[in-house]
Amino acid sequence: MSDARARLLSLLSLLQTPRLWSGSELALRLGVSGRTVRRDIDRLRELGYPVHAEQGGTGGYRLTAGAAMPPLLLEDDEAVAVAIGLRTAAAQPVTGVDEAAVRAMGKLLQVLPARLRRRVDTLTSSTVAHPFSPAAEPVDPDTLVVTAATIANHERLRFRYRDEGRHVEPRALVTAGRRWYLLAFDLDRDDWRTFRLDRVTTVVATGARAATRDVPGGDVAAFVASRTMRMAPTYPADVVIHAPAAEVVDRLGGPPPGSLTDQPDGTCRWLAPPDTLEWHAYRLASIGLPFDVGGPTELAAHLRSTAALFQAATASGSAPGRSGAR
């Protein structure tokens, strides 16, 4: 790298620190004249970096927000922190954030030096989910990154799914509630398939070009939704909780999906979107407040059978194998 290019990168790194830099400070840091600093500032502006100059005795240069996102220079510890943050975001589905986190993580890990990659792996492998976390089975971040890359590069993909080899042309990653799904055209079965990504292992990008195919119906999200709903029946729920809506939100740490409306008698009505009976029961148990089920009847039946299991498990008053223990 030429001295001019290295100096330009050093200047950019300094300006990305959120403070005002005087021309003399920059010249001293870079070991050049004030004239050279001004020329390099002009070069950064030509490259799209919005460098703002303030006049006067206390003036100087600083990088401001522009119309587009320019490339960033990160120190080692900053890169590690960003990678860990992106992995965390990818594992916690949030509308508009999770898929973007996977794309950004793929770009970052592609250029991250091996020594920093090891630091990221060490830190993330030491992190476990809280036992009461409602998250689904964890997805390997590398699986997400490799899969996202093959989709972007229109490559074929090989992996193991439930101990069976698959050779596919990946089309899209879709988040559905608490899970990641891969929509792909299965080359061996000559048909579209949906795969739960937490069950995908040994992912390998083959490098072979994937064909351009239209998803049936043209809507990726709708197609995956129709496929996943066939796997487990889902139902909307109508529940009256014997507490104000604010208390429910406080107990859950945020508003539940669907609508939660206060009623004149001090209760609140929760109209939950379609989900599995098991997940409805989990949310209601997590709230820990008295409630009445208005529908569906399947949910009421599921709660009765679940309650019977718990009642039978605690009827004897002691755990199996522990009688007579001292």
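Analyst: Strands here are DSSP runs of E with at least two residues, helices are runs of H or I with at least four, and both are numbered from the N terminus. Two strands pair if DSSP finds at least two bridges between them. Before we dig in: this is a predicted model, where local features need pLDDT of at least 70 and side-chain atom pairs count only at pLDDT 80 or more, while totals for chains, interfaces and linings use all residues. Residues are numbered from 1 along each chain as its sequence is written, and side-chain values use heavy atoms, with hydrogens and water left out.

User: Okay, what joins β5 to β6?

Analyst: DSSP gives 6 bridges between β5 (residues 179-186) and β6 (residues 191-196). The cut-off is at least two, so they count as paired. The two strands run antiparallel, and Asp186 stands opposite Asp191 in β6. The hairpin has 4 residues between its strands, and Asp190 takes a positive phi near 55 degrees there.

User: What makes Phe159 and Phe195 an edge-to-face pair?

Analyst: Rings of Phe, Tyr and Trp (its six-membered ring) pair if their centres lie within 6.5 Å; planes under 30 degrees apart are stacked, over 60 edge-to-face, and the rest tilted. The structure holds 4 aromatic pairs. For Phe159 and Phe195, the centres are 5.2 Å apart and the planes sit at 80 degrees, so edge-to-face it is. Phe159 belongs to strand β3 (residues 155-161) and Phe195 to strand β6, so this pair ties together parts 36 residues apart in sequence. Ring pairs also bring in Tyr161, linking Phe159, Tyr161 and Phe195 into a cluster.

User: And how do you know what to call the pair of Phe185 and Trp192?

Analyst: Run the same test: 5.6 Å centre to centre and 85 degrees between the planes, which makes this pair edge-to-face too.

User: Are Phe185 and Trp192 buried or exposed?

Analyst: Buried means under 20% relative accessible area, exposed means over 50%, and partly exposed is in between (1.4 Å probe, protein chains only). Phe185 is at 7%, so it counts as buried. Trp192 has a relative accessible area of 7%, so that one is buried as well. Both Phe159 and Phe195 are buried too. Across the protein, buried residues make up 33% of the 326 residues.

User: What sits over the ring of Phe185?

Analyst: The charged end of Arg213, 3.8 Å from the ring centre.

User: How does the reach of α7 compare with what is expected?

Analyst: The expected span is 1.5 Å times one less than the number of residues. With 13 residues, α7 reaches 18 Å from its first C-alpha to its last, close to the 18 Å expected.

User: What does Thr143 touch, leaving aside residues up to four places away in sequence?

Analyst: Contact means heavy atoms within 4.5 Å, and on that basis Thr143 touches Leu197, Val200 and Val203. Thr143 is found in helix α7 (residues 141-153), and its relative accessible area is 5%, so it's buried. Other buried residues in α7 include Leu144, Val145 and Ile151.

User: Why is Ile241 called buried?

Analyst: Its relative accessibility is 1%, so it falls under the buried cut-off.

User: Which label do His154 and Asp163 get for accessibility?

Analyst: His154 has a relative accessible area of 42%, which makes it partly exposed. Asp163 is at 70%, so it's exposed. His154 is in the loop between α7 and β3, with a positive phi near 55 degrees. Asp163 is in the loop between β3 and β4 (164-176), and has a positive phi of about 65 degrees although it isn't a glycine.

User: Where does Pro296 lie?

Analyst: In the loop between β11 (291-295) and α11 (297-314). The peptide bond from Gly295 to Pro296 is cis, with omega near 5 degrees.

Conventions
Lys NZ or Arg CZ within 6 Å of the ring centre and 35° of its normal.
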